[in-house]
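Let us take a walk through a protein model together, one stop at a time. Have a look at the picture first, and then read on.

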Amino acid sequence: MRLFLLTFFVLYAGLHFYAFLKIRAAFTLSAAATALLLLFMLIMIAAPVIIRLSEKQGHETFAQIMAYVGYTWMGVLFLFCSASMVIDASRLLVSAGGFIMRKDISPLMPSGTLSFMIPLLLSLAIACYGYFEAKNIRTERIVIRTPKIPKDIGRLTIAQISDVHLGLIVREDRLGRILDEVKKANPDIFISTGDLVDGQLAKMNGLAGMLRAVNPRYGKFAITGNHEFYAGLDQALAFTRDAGFVILRGEAFSGIINIAGVDDTAGKAFKTYKEISDRELLSGLPKEKFTLFLKHRPLLDQDALPLFDLQLSGHVHKGQIFPFSILTYLYYPVHAGYSRLPWHAHLYVSRGSGTWGPPIRFLAPPEVTIIELVHAERG
């Protein structure tokens, strides 16, 4: 956990330093302006810590304002630096081309001011679009035909939410939009695959009530994500249970189908992790029943593949803001959507229903997933 935080803040500070250099190259700043800019950037670098400490101390209004400012800045900064790096790469190519051709083609390169303004305007435009895209909850549907659904049942509907991140930014309005999509599907089973909460929960009882109003006939099940541990596991579990979910922490339930779930591995750093291998958990379940496996991160245990029919995961957000999705794709080969696995198994990775950090999504819209399990004859 400490290594992760150190890496995050080093990289985040590096983005600020890069942006500072771009501003200095574009404009002539006075000593006072430079000092104010550096002060603002230092506050923004520290904003995630300031937000968390303020929230823990009960200063919710201040924490909420800081969250909107600090995390929106984080999103804009990432977009700006990404666009600036593309322009810097093009400038390098032009310079290399001129050297190879032994010609002065420097007029083709944008000026320092233009090299700053283009990424700035582009990042602001994308951030504005991404703010509204983050509120546009989409419904993704998949159908899986299997003989393991009883013929007399015929069809079983599962609604999955993931990575809602209820907290300072994602509140009643966003949760209401998410639950509207769930209710439209009238699911038989309601699933949360982790990161339901992402903050102090003392003033979030109304959110638990909204979730509690969804009562599918075969139950509601949830697992922990990494942010349940970050927010404080005890209060996160209490909130999730109050919302009506059965929490599976290295446990399994066998009803109309088998449902098993594991803790997110982030719990290891907090010494509250319930450790059990996927294979050990799944091997004791009735094999004639359809087995639904809930695992926050879309990582596959090859030894467990023959033991489940469908794994539901989240965590990745499909990168949330392009081009960060390129990095998530490199780390998680299936970072969003449906994938067929060996042994007639399936994997579905949700893009997530809310947002972490920046209240922005770009080319990774939020979703509620509806899975239809349909009876099919063997053969």
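Our first stop is a pair of residues facing each other: A260 stands opposite F293, which belongs to strand β8. This is a predicted model, so please keep that in mind along the way. The two strands concerned are β7 (residues 258-261) and β8, and 4 bridges hold them side by side in a parallel arrangement. How does the chain get from β7 to β8? It passes through helix α9 (residues 278-283), making a β-α-β crossover that is right-handed.

Stay with F293 for a moment. Its bridge partner in β9 is Q311. Strands of a sheet pair through backbone hydrogen bonds, and they may run parallel or antiparallel.

Now turn to the side chains of β8. In a regular strand, side chains alternate between the two faces of the sheet. Strand β8 (residues 291-294) shows this: T291 and F293 point one way, while L292 and L294 point the other way. Are these residues buried or exposed? All four are buried.

Next comes a sheet built from other strands. Here 6 strands form an open sheet with mixed pairing, in the order β1-β12-β2-β3-β4-β5. Its edge strands are β1 (138-146) and β5 (246-247), each of which pairs on one side only. Inside this order you can find β2 (residues 155-161) beside β12 (residues 367-375); they run antiparallel and are joined by 6 bridges. As a landmark, look for I158, which stands opposite I371 in β12.

The largest cavity has a volume of about 40 Å³. Among the residues that line it are S192, L196, A222 and I247. Its lining divides into 5 nonpolar, 3 polar and 1 charged.

Now for a residue in a helix. S115 is found in helix α4 (residues 112-133). S115 and K22 are 93 residues apart in sequence, yet their C-alpha atoms are 8.1 Å apart in space.

We finish with some backbone details. Most residues other than glycine have a negative phi, and most peptide bonds are trans. H165 is not a glycine, but it has a positive phi of about 60 degrees. H165 sits in the loop between β2 and α5 (172-185), and it is buried, with a relative accessible area of 3%. N186 also is not a glycine and has a positive phi, of about 45 degrees. Its place is in the loop between α5 and β3 (189-192), where N186 is exposed because its relative accessible area is 59%, and exposed means over 50%. Lastly, a cis peptide bond joins F322 and P323, with omega about 15 degrees. P323 lies in the loop between β9 and α10 (324-331).

Terms used:
Residues are numbered from 1 along each chain as its sequence is written. This is a predicted model: local features need pLDDT of at least 70, side-chain atom pairs count only at pLDDT 80 or more; totals for chains, interfaces and linings use all residues. Side-chain values use heavy atoms; hydrogens and water are left out. Two strands pair if DSSP finds at least two bridges between them. On a 1 Å grid over the protein atoms alone, a cavity is a set of points where a 1.4 Å probe fits but cannot get out, and a pocket is an open set with protein on both sides within 12 Å along at least five of seven lines; lining residues have an atom within 4 Å of a point. Grid points are joined across faces, edges and corners, and a volume is the space filled by probe spheres set on the points. Ala, Val, Leu, Ile, Met, Phe, Trp, Tyr, Cys and Pro count as nonpolar, Asp, Glu, Lys and Arg as charged, and the others, Gly among them, as polar. Buried means under 20% relative accessible area, exposed over 50%, partly exposed in between (1.4 Å probe, protein chains only). A crossover is right-handed if, with the strands pointing away from the viewer, the path from the first strand over the helix to the second runs clockwise.
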